[in-house]
Amino acid sequence: MHIRFDVPADPAYPGRVAAALSSVRLRRFSLIGAALAAAGAAGLLVSWGDRFSSLWLVLLVGGLLSMLYAPWVRWRARRRSDDYAVEGGYDITDDNIMMRSGSESGGIAWDGVAQVREVGDFWIVYVGRMPATVIPRWLMSAGDAETLRAFMAARGLLAAD
């Protein structure tokens, strides 16, 4: 396998990468926030006017703020990363993933990859428990994307979400 494609100097691209990476890590804030908000709303309805109603109100507001945390982080990441648009590319083989961005380059050996998750238009490549890089599927040809998907599936790297 040898897949090569370029990444154009698109100002929106770094923000999309940041949003994909943060969505994986920040999903738990939305889930915890929804649980807290639901508990707070239920408690407020049951004990309206009771001395514990302020506790339920704090749970409700804390839950809502927790649910808004992930979109706020993604918005800030997109806004800050607009200045980082540079041309780059990927060179993916059976042995490794080589990335270049501007004047820098780096690589990840497939032997070190623990899993790959599909998030939006990206494959997020994990080394251990940490996301190491993303592979933008929409910049690849359909045939290359299917070849890479089959390669990762054969190695047992594709994680089910």
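Let me start with a definition. Two strands pair if DSSP finds at least two bridges between them. Hold on to that for the sheet. One caution as well: this is a predicted model.

Now, strand 3 and strand 4. Strand 3 covers residues 96–101, and strand 4 covers residues 104–109. The two pair in the antiparallel sense, over 6 bridges. Take one position as an example. Ile 97 stands opposite Ile 108 in strand 4. Strand 3 and strand 4 make a hairpin, with 2 residues between the strands. Look at Gly 102 in that hairpin. Gly 102 takes a positive phi near 65 degrees.

Next, the other end of the sheet. Strand 1 pairs with strand 2, residues 88–93, in the antiparallel sense. Again there are 6 bridges. His 2 has its bridge partner in strand 2, and that partner is Thr 93.

One general point about strands. In a regular strand the side chains alternate between the two faces of the sheet.

Let's move to two buried residues. Begin with Val 116. Val 116 sits in strand 5, residues 115–119. Is Val 116 buried or exposed? The relative accessible area is 0%, so Val 116 is buried. What does Val 116 touch, beyond residues up to four places away in sequence? The list includes Trp 110, Trp 123, Met 152 and Leu 158. Now look at Leu 158 again. Leu 158 and Val 116 are 42 residues apart along the chain, yet their C-alpha atoms are separated by 4.9 Å.

The second one is Thr 133. You will find Thr 133 in strand 7, residues 130–136. The cut-off for buried is under 20% relative accessible area. Thr 133 has 11%, so Thr 133 counts as buried. Leave aside the neighbours within four places in sequence. Thr 133 is then in contact with Tyr 90, Met 99, Ile 108, Trp 123, Ile 124 and Val 125.

Now the charges. Side chains of opposite charge can pair when their charged atoms come close. How many salt bridges does this model have? The count comes to 5.

First up, Arg 137 and Glu 118. Their closest N and O atoms are 3.4 Å apart. Arg 137 lies in the loop between strand 7 and helix 3, while Glu 118 lies in strand 5, so the pair ties together parts that are 19 residues apart in sequence. Arg 137 is buried, at a relative accessible area of 15%. Glu 118 is partly exposed, at 36%.

Glu 118 also forms a salt bridge with Arg 149. Here the closest N and O atoms are 3.0 Å apart. This pair links distant parts of the chain, with Glu 118 in strand 5 and Arg 149 in helix 3, 31 residues apart. Arg 149 counts as partly exposed, at 26% relative accessibility.

Then there is Glu 146 with Arg 149. The closest N and O atoms of this salt bridge are 4.0 Å apart. Both residues lie in helix 3, 3 residues apart, about one turn of the helix. Glu 146 is partly exposed, with a relative accessible area of 47%. Join the pairs up. Glu 118, Arg 137, Glu 146 and Arg 149 are linked in a network of salt bridges.

Last stop, the surface. Which residues form the nonpolar patch there? Phe 29, Tyr 69, Trp 72 and Trp 75 do. Together they have about 430 Å² of accessible area. Helix 2, residues 53–81, gives the largest share of the patch, with 3 residues. Phe 29 lies in helix 1, residues 13–46. The relative accessible area of Phe 29 is 32%, so Phe 29 is partly exposed.

Notes. Residues are numbered from 1 along each chain as its sequence is written. This is a predicted model: local features need pLDDT of at least 70, side-chain atom pairs count only at pLDDT 80 or more; totals for chains, interfaces and linings use all residues. Side-chain values use heavy atoms; hydrogens and water are left out. Helices (H or I, at least four residues) and strands (E, at least two) are DSSP runs, numbered from the N terminus. Buried means under 20% relative accessible area, exposed over 50%, partly exposed in between (1.4 Å probe, protein chains only). Contact means heavy atoms within 4.5 Å. Patches are made of residues with over 30% relative accessible area and no salt bridge: like charges are joined within 9 Å, nonpolar side chains (Val, Leu, Ile, Met, Phe, Trp, Tyr) within 5 Å. Accessible areas come from the Shrake-Rupley method with a 1.4 Å probe; for residues, only the protein chains shown count as cover. A salt bridge is a side-chain nitrogen of Lys or Arg within 4 Å of a carboxyl oxygen of Asp or Glu.
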